[in-house]
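Subject: Structure handover

Hello,

Please find the structure below. My notes on what was found in it follow.

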Amino acid sequence: MGQPHGYLGLKGNENVKVTIVGANFAALAAIDRLRRWDLGRNLQLTVVAPKAEFFYQPSLIWIPTGGRTPEQIHLSLASYFERMGVDFVQARATGAENGGRTLLTTAGKIDNDALLIASGGEYLTKAPGVKQNALIPCHLTDAQRAREFLSRMAGGNLAFGFSGNPDEPTAIRGGPMFEFMFCIENLLRRSGRRKKFTLTFFSPMAEPGKRMGPAAVKGLLTTMEKKGINTHLGHKIKGFTPDGIETEGGRVASDMTLFIPGMTGQPWFAKTGFPLSPGGFLKADAQARVEETQRVYVAGDAGSFPGPEWRAKQAHMAELQACAAADNIFLELNGKPSRKKFRTELICIVDTEKTGIFVSRFERFGLILPPLYLMHQVKRGLEWWSLKKYA
Ligand SMILES: Cc1cc2nc3c(=O)[nH]c(=O)nc-3n(C[C@H](O)[C@H](O)[C@H](O)COP(=O)(O)OP(=O)(O)OC[C@H]3O[C@@H](n4cnc5c(N)ncnc54)[C@H](O)[C@@H]3O)c2cc1C
């Protein structure tokens, strides 16, 4: 995209205000991209988030095994924001007014000329007993509790599972649960305790991980079989109890249950007046614009985007959507029509802390590789690169 003429045509020479909600993958990718076009630094960028901190969520899979500490996967963004000329407002967005031109926050109202919402999603906790009897390891505190339990347990039953959002099939986070399970299985083997534990993978889906493609499902189920992990698949979950999971197909015994529920939108989205998807996310078009709005965009886990049925909520997609959103914001602020679309891709490495299985899907083809030590190293490398980028 070339530098548009009539620069920042909306307001002449005045500073043009872009507000970004959130400070993680999508938000940071958008900041990078906006500053890439905005060479004269005419955009006044404001970031609203609870903390000026980058949280590398993909490495949460190594918290229960002690492969990572919380400090290793968090990074202060103070230097990065200073370098990028970002005004940071420590607050939470609570709603929007004037078609999005005013963001409501816990620190007051913030006016903007363009708004990007990149505040992520939430997990459904409606299943009976899920809050009391299961750990949702996507939350750092629960991943840490899993670590504590594992360090104390000499043997017992461990259960791992995930489910989706019945109102929105793409609002699911399954891949990381395979990683938590394989990494923990590996830890038990390393520490000589494996034989004293029974591991069970459960899911209401008969083919868990289907979005990664049929070869991936087969590969994952074969890997579980080889590692002696039981499966309990295709049975609706009725509830979680202190000693297991009740399903319509029977009970799974468990002393520690790790579970990733389906995802949903954040409650404050309902106070923006913007259209929401059936699952409660901000409804976006192919250019990452929130439907029926002007200069309001969404990127990452916060949005519901068009695309193939296998599309996933991933950091990689969050960045692609954020780049398209930033390009379109820049075009629109220069009085041009937004025209940039994002590609839909699924790329992941299912890690076991020893090897990694590379899985990818694109519009025209997909590729899956057998477990490789190299892929584990690549996964570590991606973490290093991301944390270095925003240091
Ligand atoms: C265990 C695990 C493993 C994963 N592994 C991978 C992987 O291998 N590869 C991959 O591509 N993806 C992976 N993901 C998914 C990836 O982490 C998410 O898709 C990604 O974090 C989404 O980025 P985001 O910027 O949209 O949202 P988030 O990363 O959730 O960031 C949201 C930001 O908004 C802020 N915020 C929240 N609420 C508010 C509010 N009300 N107001 C203002 N700010 C707010 C938050 O503090 C945060 O800064 C994994 C996720 C998990 C949990």
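Helices (H or I, at least four residues) and strands (E, at least two) are DSSP runs, numbered from the N terminus. This is a predicted model, in which local features need pLDDT of at least 70 and side-chain atom pairs count only at pLDDT 80 or more, while totals for chains, interfaces and linings use all residues. Residues are numbered from 1 along each chain as its sequence is written.

Two loop residues

Arginine 41 sits in the loop between α1 and β2. Its phi is positive, about 50°, although arginine 41 is not a glycine. A residue is called buried if 20 or more other C-beta atoms lie within 10 Å of its own, exposed if 12 or fewer, and partly exposed in between, with C-beta atoms placed from the backbone. Arginine 41 is exposed because 11 other C-beta atoms lie within 10 Å. Asparagine 98, in the loop between β6 (93-97) and β7 (102-105), also has a positive phi, near 50°. Asparagine 98 has 11 other C-beta atoms within 10 Å, so it too is exposed.

Domains

The chain is divided into domain 1 (16-121 + 265-333) and domain 2 (124-262); these bounds come from an automatic or database domain assignment. The C-alpha centres of the two domains lie 30 Å apart. Their contact (C-beta atoms, placed from the backbone, within 7 Å) takes 18 residues from domain 1 and 21 residues from domain 2. On the side of domain 1 that touches domain 2 there are 10 nonpolar, 6 polar and 2 charged residues. In this count Ala, Val, Leu, Ile, Met, Phe, Trp, Tyr, Cys and Pro are nonpolar, Asp, Glu, Lys and Arg are charged, and the others, Gly among them, are polar.

Ligand shell

The shell around the ligand has 32 residues, of which Gly22, Asn24, Gly120, Gly300 and Gln314 come nearest. The elements giving two or more residues to this shell are α1 (25-37), β2 (43-49) and α7 (315-333). By class, the shell has 20 nonpolar, 9 polar and 3 charged residues.

Nonpolar core

A nonpolar core is a set of buried Ala, Val, Leu, Ile, Met, Phe, Trp, Tyr and Cys residues joined through C-beta atoms within 7 Å. The largest one has 108 residues, and Ala30, Leu116, Ala118 and Ala299 touch the most other members. Its largest share, 12 residues, comes from α7. Each of domain 1 and domain 2 gives this core at least three residues.

Not counting residues up to four places away in sequence, leucine 116 touches Val18, Ile20, Ala30, Tyr297, Ala299, Ala325 and Ile329. Leucine 45, in strand β2, is buried because it has 22 C-beta neighbours inside 10 Å. Beyond four places in sequence, the contacts of leucine 45 include Val18, Ile20 and Val86. Leucine 45 and isoleucine 20 are 25 residues apart in sequence and 7.4 Å apart in space, C-alpha to C-alpha.

Helix α5

Helix α5 (residues 175-190) has 16 residues, so at 1.5 Å a residue it should span 22 Å; its end C-alpha atoms are 23 Å apart, which agrees. The expected span is 1.5 Å times one less than the number of residues. Among the buried residues of α5 are Phe178, Phe182 and Leu187. The cover over its buried residues includes α4 (140-152), β11 (156-162) and α6 (214-226). Just after α5, glycine 192 takes a positive phi of about 70°.

Regards

Definitions and conventions
A residue is near a molecule or strand if its C-beta atom, placed from the backbone, lies within 6 Å of it. Two residues are in contact if their C-beta atoms, placed from the backbone, lie within 7 Å.
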